[in-house]
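Hello,

Here is the structure I promised to pass on. Please open it first; my notes follow below.

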Amino acid sequence: MLRNILAAVVGYIAIVAALFALSSLLWLTLGPSHAFQPGTWEVAGGWVLGSIVIGLAGAYAGGRVCAGLAHDATGATILIGIVIVLGAVSVLMPAEVAVGPRPDDVSMIEATASARQPAWLRWLNPLIGVAGVWLGSRRLRA
């Protein structure tokens, strides 16, 4: 059981690392002018689409890592539970709202703290995570 718990924790760390790396790459590719609606903190459609793909890829990678380390499918189940709980906490926490217009030159840290995502995307992200982990760990269930 301890091996499954550790596999789930390492799988979650892999998700976070993949999301950070892929989000950084998306930010470098799009930049603030294409990641946001003009002059606002509202994310653009390209960013929304990219974040959905990145979320699925990151969760898939975490599911693969977990599957490689876990003793059985319980490790993936634990990881899915972690994704659901932390996703629910993220949805229920009030988002910080940036005031005023967005400057033209924004760092990735500022963008992360101030971006306004659509509410439906905040609810969709945990589901994307569950789907990605499930797909990435399916070797355990085969």
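What percentage of the 142 residues in the protein is buried? The figure is 35%. Bear in mind throughout that this is a predicted model.

**Overall picture**

The protein has six helices and zero strands. Read from the N terminus, the order of elements is α-α-α-α-α-α. The C-alpha trace spans about 50 × 30 × 20 Å along its principal axes.

**Surface and charge**

Charged side chains number 8 positive and 6 negative. The centres of these two sets lie 19 Å apart.

Met 1 sits in the segment before H1. With a relative accessible area of 64%, Met 1 is exposed.

**The salt bridge**

How many salt bridges does a search of the whole structure find? It finds one. The partners are the side chains of Glu 42 and Arg 116, at 3.2 Å from N to O. This pair links distant parts of the chain, 74 residues apart. Glu 42 is in the loop between helix H1 (2–35) and helix H2 (45–69). Arg 116 is in the loop between helix H4 (108–114) and helix H5 (119–136).

Glu 42 has a relative accessible area of 32%, so it counts as partly exposed. Arg 116 is also partly exposed, at 26%.

Start with Asn 4, which lies in helix H1. Why does Asn 4 count as buried? Its relative accessibility is 3%, and the cut-off for buried is under 20%. Leaving out residues up to four places away in sequence, Asn 4 touches Ala 70, His 71, Asp 72, Thr 74, Gly 75 and Ile 78. For a sense of distance, take Asn 4 and Leu 121. They are 117 residues apart in sequence, and their C-alpha atoms are 30 Å apart in space.

Ile 15 is in helix H1 as well. Its relative accessible area is 6%, so Ile 15 is buried. Which residues is Ile 15 in contact with, leaving aside its neighbours within four places in sequence? They are Gly 58, Ala 59, Gly 62, Leu 79, Val 83 and Val 133. Ile 15 and Gly 132 are 117 residues apart along the chain. Their C-alpha atoms are separated by 9.8 Å.

**Two partly exposed residues elsewhere**

Ala 57 belongs to helix H2. Its relative accessible area of 37% makes it partly exposed. Between Ala 57 and Ala 111 there are 21 Å in space, C-alpha to C-alpha. In sequence the two are 54 residues apart.

Arg 122 is in helix H5. Is Arg 122 buried or partly exposed? At a relative accessible area of 24%, Arg 122 is partly exposed. Setting aside neighbours within four places in sequence, its contacts are Ser 90, Val 91, Leu 92, Met 93, Ala 95 and Gln 117. The C-alpha atoms of Arg 122 and Ala 35 are separated by 17 Å. Along the chain, Arg 122 and Ala 35 are 87 residues apart.

**Where to look**

Go to the Glu 42 and Arg 116 salt bridge. After that, view the surroundings of Ile 15, with Leu 79 and Val 83 among its contacts.

Best wishes

Definitions and conventions:
Residues are numbered from 1 along each chain as its sequence is written. This is a predicted model: local features need pLDDT of at least 70, side-chain atom pairs count only at pLDDT 80 or more; totals for chains, interfaces and linings use all residues. Side-chain values use heavy atoms; hydrogens and water are left out. A salt bridge is a side-chain nitrogen of Lys or Arg within 4 Å of a carboxyl oxygen of Asp or Glu. Helices (H or I, at least four residues) and strands (E, at least two) are DSSP runs, numbered from the N terminus. Buried means under 20% relative accessible area, exposed over 50%, partly exposed in between (1.4 Å probe, protein chains only). Lys and Arg count as positive and Asp and Glu as negative; His and the chain ends are not counted. The place of a charge is taken as NZ of Lys, CZ of Arg, CG of Asp or CD of Glu. Contact means heavy atoms within 4.5 Å.
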